[in-house]
Amino acid sequence: MPLSWNEIRDRSVTFVREWEGESSEHAEAKSFWDAFFQVFGVSRRRLASFEKHVQKADGNRGFIDLFWPGMMLAEHKSLGKNLDSAYDQATDYFPGLSDRELPRYIIVSDFARFRIRNLDTGENNEFALADLPKNLSLFGFIAGYETREYKEQDPVNIKAAQQLAQLHDALKDVGYEGHQLEVYLVRILFCLFADDTGIFMPRSAFEDFIRVRTSEDGSDLAPRINQIFQTLNTPPEKRLRNLDEQIAAFPYVNGGLFEEYLPQASFDRAMRETLLACCELDWGGISPAIFGSLFQGIMDADVRRNLGAHYTSEKNIQKVIGPLFMDELWVEFERIKTQKTKLVAFHEKLAGLNFFDPACGCGNFLVISYRELRLLELEVIKRLHGSDQQQLSMDAVDQYVKVDVDQFHGIEIEEWPAQIARVAMWLMDHQMNVLVGKTFGQALVRIPLVKSANVVHENALRLDWEEVVVAKKCTYLLGNPPFIGHQRRKPEQAEDMHIIWGKEGDFGRLDYVTCWHKCAVEYMQTNNSIRAALVSTNSICQGEQVSTLWPWMLSKGVKIHFAHRTFEWTNEAKGVAAVHCIIVGFGLSDTDQHQLFDYGANIKGDPIKAEVRRINPYLVDAEDVILPARSKNPGDRPRLTKGSQPTDDGNLFVSEEARQKLIALDERYGKLIRRFVGAAELTENSLRYCLWLAECPPQVLNSLRALRDRLERVRTFRLDSPTVSVNKAAQTPSLFTQIRQPTSSYIGLPRHSSSARQYIPTAYFEADVIAGDAILVCENASFSDFGILNSTMLNAWARTVAGRIKNDIRFEASVYNNFPWPTDASDKQKEAISVAAQNVLVARAQFPDATLAELYHPLNMPPALLKAHQKLDKSVDAAYVPSGGKRIWASEAERVAFLFALHQRIISTSPPEKPKGRKKKICLRDQNAVHSSIELVD
């Protein structure tokens, strides 16, 4: 156990008195440093050596005065010598050191002065020997008191994950695998951390034992490690009296961590070196919050995808726990921090909170939540007992710390991350205890382990959550459940969906993550004060999933308290998943504050927070509206439909070269080969051609011998399809499987478009250009209609309610059909929109060589086009405002809130849409053998 700061301070005073006036480097320097380490209760011999030989930067041989690999390098000079030159001399040794040997601190001294530089932070401090007692915290790393700030991509953390993964693979390769490997690695992980943080004393006891007391060939390493594990699980009074002194020095840990019997592993020389390489890292500088990457880095890519294992960075965790509870707790603390009675009650409140993550993975949410709660508690303790800092005993400090790991609960389906979660909580507990000890001058080490986080290894969707933590005891429910779309679900996950949601018709295309939302709401029924926040895929608040999930959620009384709209996922783990997320905070009781975090076009940046009146399922400040899946558009607006679908394996398409050859072979191909436009052709202005044979008489079709092989390949491809309707279409291989080609000019817009664009690119096409199913077609549209399709009004609506693929807008006809059209616009207003729309086309025409993708690039939109769109927006906005009125929307969210309110007014006065009948497709052949498809509705 580390010395208390009070003891270290007393020793430092004695050290100063003893060494005042010393001047000879060569005669006394070594004794000086031996005594210096004893100030912190540490034997210099166990950590650092004198006169380490290295190759200097200039190629000459050099000797480091004092060297602690990976931690500290010291140069000592005679009294009055230049410390700048001593520092330069120290850095000259760096080229001769390996990466793992590079120090974190450089210390130079001439007996009378110290200079210490933290190479991680760049912090530089210099002071006189007499001031050492005032500057002891700078040397806290020697005693094991060091605290660090952890960056999400800290190289120490990443290196640790990689090293542990190598050890995992080596053990697995020799046949030590499964549950026993997972528990074994967790124990090794604990020992590595304990070795560098004062849990094991002397420091590096585990590494020293392996390095000194085991054979270099690794033959006896496994039994020696088992002996350590057994000792850590045995109370001192029950240990053998003749136990090896080095083994007996290990403390009793308990807590179940070392309790289970494990079969003995096996090591060889290379594996021993791998373990020693792990030991040489500074595990005291590892953030327990990054242990998720230890798990994810070890698992292979397929397993990661199957489990939906998207690990959350600390930055994203803060987006959840801040508005869920930490912000509110800090506000309460600031309000009462000078009122002792209320502060005591507040401290008891903190100790009574219970946190539940029902998809906890490696415990990142629990670990960070625990750390933040302990940091707040420390401020409470300092306010309540700050005047006692110099008098508190270790027992008193322990008594004042009321927040503990057993307030945290989780469920995890995989055993390895569940093991990691429990240990990560213990390690974070120790780091916070070190901080408390540093604050009050007393070491606080909770060994043996008595309490632990309650992490259950089970399938959360097949377990009664009440068995983990009773709902009436739970305060906050949080986490990051797996995101898995309906097309990627494994059979067992599909069964989970059936268990939670019932028959498939009840949950349709809902994402797997919605199972946790349903379970959370049902869990809250006996305690409506529980507040929840779950990270989710953005699809559950956009497009068709809203109308499936949220009517049930709202019927149960769910209120959304806060939300982060779409942002890009980032984390520390290997193979970071490309995911776009939202965070929804909710409960069964409402709150006075509703916070909406919007990222705008920069989903990788920081959000803008707005205090709003309410938040609806589309994450907009509007009433709880669920947009119906309208198949027909109301009013007199032109119809919007999907283009025609070929389902041909590419056999009905021809290249420019093939087109030329076919026309040269038979001029009739000139009428049968048409220009084809899909999303790529629309935005990139590229040319593509298809065989359009819907109007080709059979005698002509039969005479075109060059088509026979193509049509046979289409027929074979369709017969192999698992879709019944595609099988049937094998009977007519010359036709597209779905034909919706306009008979007059039309507007085309892509079904998928980047949300970063301010406007979805649209363009006019003539009827002889075949529209593919990757675009939407608006036939018989006026310039006024074109203007509304290109307005900020419609684009803001689409960005809010349309479905997404990653962060691309998936524009469907129902998005358009639910859009509140400006039905009350006057003829004058419609004419203004029409003129402004034509001016947009004129502005585009100024750049004949530019594609629509280039013209509508979010960063490079030409000023002339942007100006034309801004004028168009003014015209469209005016059509929504009563005659003579003016309205300016301060934000897109405000604009969309207006549209939701307008939508509600419109549908309240409109007759409901009739239910869809059963559709029958009937294929007709007229006297000219022209193929067409019509739909009859029963």
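Four strands build an open sheet, in the order S17-S19-S18-S23, with mixed pairing. Strands here are DSSP runs of E with at least two residues, helices are runs of H or I with at least four residues, and both are numbered from the N terminus. Strand S17 (653–654) and strand S23 (770–771) are the edge strands, each pairing on one side only. Two strands count as paired if DSSP finds at least two bridges between them. S17 meets strand S19 (residues 689–691) in the antiparallel sense, over two bridges. In one of them, Val 654 has Tyr 689 of S19 as its bridge partner.

This is a predicted model, in which local features need pLDDT of at least 70, side-chain atom pairs count only at pLDDT 80 or more, and totals for chains, interfaces and linings use all residues. Residues are numbered from 1 along each chain as its sequence is written, and side-chain values use heavy atoms, with hydrogens and water left out.

Now step back to the whole chain. It holds 35 helices and 28 strands. Of its 938 residues, 55% are buried. Buried means under 20% relative accessible area, exposed means over 50%, and partly exposed lies in between (1.4 Å probe, protein chains only). The chain exposes about 41,300 Å², and carbon and sulfur atoms supply 48% of that area. These areas come from the Shrake-Rupley method with a 1.4 Å probe; for residues, only the protein chains shown count as cover. Among contacts (heavy atoms within 4.5 Å) with a separation of 6 or more, 72% join residues 24 or more positions apart.

Next, the interior. In soluble globular proteins, nonpolar side chains tend to be buried together. A nonpolar core is a set of buried Ala, Val, Leu, Ile, Met, Phe, Trp, Tyr and Cys residues joined through side-chain atoms within 4.5 Å. The largest one has 159 residues, and Trp 465, Phe 811 and Phe 900 touch the most other members. Another core, of 53 residues, lies apart from it; Leu 164, Phe 200, Cys 279 and Ile 420 are among its members. Beyond its neighbours within four places in sequence, Phe 900 contacts residues including Tyr 618, Val 620, Leu 627 and Trp 797.

Helix H8 (residues 205–213) also has a buried side. Its buried residues are Ala 205, Phe 206, Glu 207, Asp 208, Phe 209 and Ile 210. Their cover includes helix H3 (44–47), helix H7 (178–196), helix H9 (221–232), helix H10 (245–248) and helix H11 (269–280).

Loops deserve a look too. Glu 812 sits between strand S26 (808–810) and helix H31 (813–818). Glu 812 counts as partly exposed because its relative accessibility is 27%. The side chains of Glu 812 and Arg 751 make a polar contact at 3.3 Å. Such a contact is a pair of N or O atoms within 3.5 Å; within protein, one must be able to donate a hydrogen and the other to accept it, and residues adjacent in sequence count only if both atoms are side-chain atoms. Thr 641 is 171 residues from Glu 812 along the chain, yet their C-alpha atoms are separated by 8.4 Å.

Finally, the backbone. Most residues other than glycine have a negative phi. Leu 619 has a positive phi of about 60° and is not a glycine. Leu 619 lies in the loop between strand S15 (608–612) and strand S16 (640–642). Leu 619 is buried, at 3% relative accessible area. Asp 649 also has a positive phi, near 60°. Asp 649 is in the loop between S16 and S17. Asp 649 is exposed, at 54%.
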